[in-house]
Amino acid sequence: MHQHILQLYNSAKKQQRLIIGLMSGTSLDGLDVALCKVSGHGMDTQIDVLAFHTVDYDGDYKQKIKTVFSKRKCDLELVTLLHPWVGQLHGKMVLQCLAKWGVDAAEIDVIASHGQTIYHCPKNQHKQTDFNHGTLQIGDSDHLAVTTGITTIGDFRQKHIAAGGEGAPLAVYGDYLFFSSLTENRILLNMGGIANLTFLPQSADASAVFSSDIGPGNTIMDAYVQRHFAPLQYDKDSLIANQGQINQPLLDELCQDEFFYLDFPKTTGPEVFNLAYLHQAQTITNTLQLSHEDVMATLNRFSAMMIAQAINQCSEKLADVTVYASGGGIHNPLLMKHILSLCPQLHEIKNTHALGIDPDAKEAVLFAILANECLAGGQQRFGNQAQGIPIITMGKVSFAD
Ligand SMILES: Nc1ncnc2c1ncn2[C@@H]1O[C@H](COP(=O)(O)OP(=O)(O)OP(=O)(O)O)[C@@H](O)[C@H]1O
Ligand SMILES: CC(=O)N[C@H]1[C@@H]2OC[C@@H](O2)[C@@H](O)[C@@H]1O[C@H](C)C(=O)O
């Protein structure tokens, strides 16, 4: 047997494994690195997040990625160069974190790497009859594995598409295995660049679970701040939006995209919800002269309305539901206030701290759970084909040499 297969086999047999979950999302703010002690698998998965850190991206990284990020047309040579470059950089960032935490790379069983999505195009978006859904993550795992010396499991999304899904959201797998409850209906709401949710019925009945992207979380607000308030990267603590007034015609127009009229499950990205989308809505409503603060107030309300609409849609037939939020949007007080005011059935919006997971670390932890299933799971497999959640094992294994 190859020594790498033997090492994987031994990791799979362990009572507890150390898995580093990595997520680099659509916000391009940094690489989320979660050091997780994982035991069990399936519904018996136990996670202890031993350390978490976001390694901020510098201006150079952001500039390089933005050259190709969510662009229909871009320099293919640059994409080819970025694929290994991002993998190596993520590897170096993992090593930085390990040094900071005083953890030896040899102690880590595997890295679970999401990579960097540079383009996502479900059928509802590309509308080309010859093609299925598509999604592309760069930052190849071979480069992480060689850079760190740690076996790396990556490229999780292709299997989802191959088996009938849209390549996202994948959070539902970890949400079901780790956050299902027999005592309450739960909505796990993540508000990153794009917002998404998972509905977990109190019964934990897999056939009633569903998950979907909702629309923009922070993505258009971030892009607008970066364009008009540079060097600010986002509307910290809603300071800008709080100074503006909501413009109703613009808000109404922003809510008109066909995506919002599609049933769950559906996925989207900054390929659709971007500054061009805003500009078109401002042109149609003759609001191009609005102050930047008014635009930000309107964008904030827009994200909140679509998020609240999705929560209300999930919960309309339920006596009770508890929402657990995660992602950077929880730090935007105006967004949170709007969502709560638009969901009259909710008394509060909790965050995943209440369930034992740091809300900023949640997506990175999710990939650690997916890698754990790839390695040690397989006995109790979760899915709900009717809801676009195929029963699959995700991830490709890269060895260090
Ligand atoms: N103090 C704050 N005030 C307002 N917004 C904040 C604050 N802190 C973080 N954010 C928002 O959270 C964003 C980062 O969120 P997160 O890291 O969850 O996104 P992501 O993982 O890249 O996105 P996705 O889940 O779509 O892939 C920032 O770009 C910003 O918009
Ligand atoms: C293609 C892609 O990277 N999609 C991301 C993005 O960011 C949020 C939302 O859109 C979600 O569908 C997904 O990420 C999370 C981790 C997911 O798959 O659950």
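**View 1. Ligand 1 and its shell.** Around ligand 1 sit 20 residues, and the closest are Gly25, Ser27, Gly192, Asn218 and Gly328; a residue is near a molecule if its C-beta atom, placed from the backbone, lies within 6 Å of it. This is a predicted model, where local features need pLDDT of at least 70 and side-chain atom pairs count only at pLDDT 80 or more, while totals for chains, interfaces and linings use all residues. Residues are numbered from 1 along each chain as its sequence is written, with chains lettered from A and ligands numbered from 1 in the order in which they are written. Sorted by class, the ligand 1 shell holds two nonpolar, twelve polar and six charged residues. For that sorting, Ala, Val, Leu, Ile, Met, Phe, Trp, Tyr, Cys and Pro are nonpolar, Asp, Glu, Lys and Arg are charged, and the others, Gly among them, are polar. Both domain 1 (3-168 + 363-398) and domain 2 (171-355) give residues to the shell, so ligand 1 lies between them; the domain bounds come from an automatic or database domain assignment.

**View 2. Gly193 and its contacts.** Look for Gly193 in the loop between strand S7 (186-191) and strand S8 (194-200). Helices (H or I, at least four residues) and strands (E, at least two) are DSSP runs, numbered from the N terminus. Gly193 counts as buried because it has 25 C-beta neighbours inside 10 Å. The cut-offs, using C-beta atoms placed from the backbone, are 20 or more other C-beta atoms within 10 Å for buried, 12 or fewer for exposed, and in between for partly exposed. Leaving aside residues up to four places away in sequence, Gly193 touches Gly25, Thr26, Ser27, Gly217, Asn218, Thr219, Asp222 and Pro270; contact means C-beta atoms, placed from the backbone, within 7 Å. One of these, Asp222, is 29 residues from Gly193 in sequence and 8.1 Å away in space, C-alpha to C-alpha.

View 3. Ligand 2 has 18 residues around it, and Thr117, Ala168, Pro169, Ala171 and Ile194 come nearest. Strand S4 (110-121) and strand S8 each supply at least two residues of this shell. Its make-up is five nonpolar, eleven polar and two charged residues. Here too, domain 1 and domain 2 both give residues, so ligand 2 lies between them. Ala168 and Pro169 are joined by a cis peptide bond, with omega about -15°. Pro169 belongs to the loop between helix H6 (157-162) and helix H7 (171-179).

View 4. The centres of domain 1 and domain 2, taken over C-alpha atoms, are 24 Å apart. In contact across the boundary are 26 residues of domain 1 and 33 residues of domain 2. On the domain 1 side, S4, helix H4 (123-126) and helix H13 (362-376) each supply at least two residues. H13 gives the largest share of that side, four residues.

**View 5. The largest nonpolar core.** This core has 104 residues, and those with the most contacts inside it are Ala112, Leu189, Ala368 and Leu370. Domain 1 and domain 2 both give residues to the core, so it lies between them. A nonpolar core is a set of buried Ala, Val, Leu, Ile, Met, Phe, Trp, Tyr and Cys residues joined through C-beta atoms within 7 Å. Not counting residues up to four places away in sequence, the contacts of Ala112 include Ile19, Leu22, Ile153, Phe367 and Ala368.

**View 6. Helix H10, one face in and one face out.** Leu278, Ala281 and Gln282 are buried in helix H10 (residues 275-284). Down the helix axis, these buried residues fall within an arc of 100°, so they line one face of H10; the arc is that of the directions from the helix axis to the C-beta atoms. The face turned away from the buried side carries the exposed residues Ala276, His279, Thr283 and Ile284. Helix H8 (219-228) and helix H9 (248-254) are among what covers the buried residues. In the loop between H9 and H10 is Pro265, joined to Phe264 by a cis peptide bond with omega about -5°. After H10 comes Asn286, with a positive phi near 55°.

Conventions
Two residues are in contact if their C-beta atoms, placed from the backbone, lie within 7 Å.
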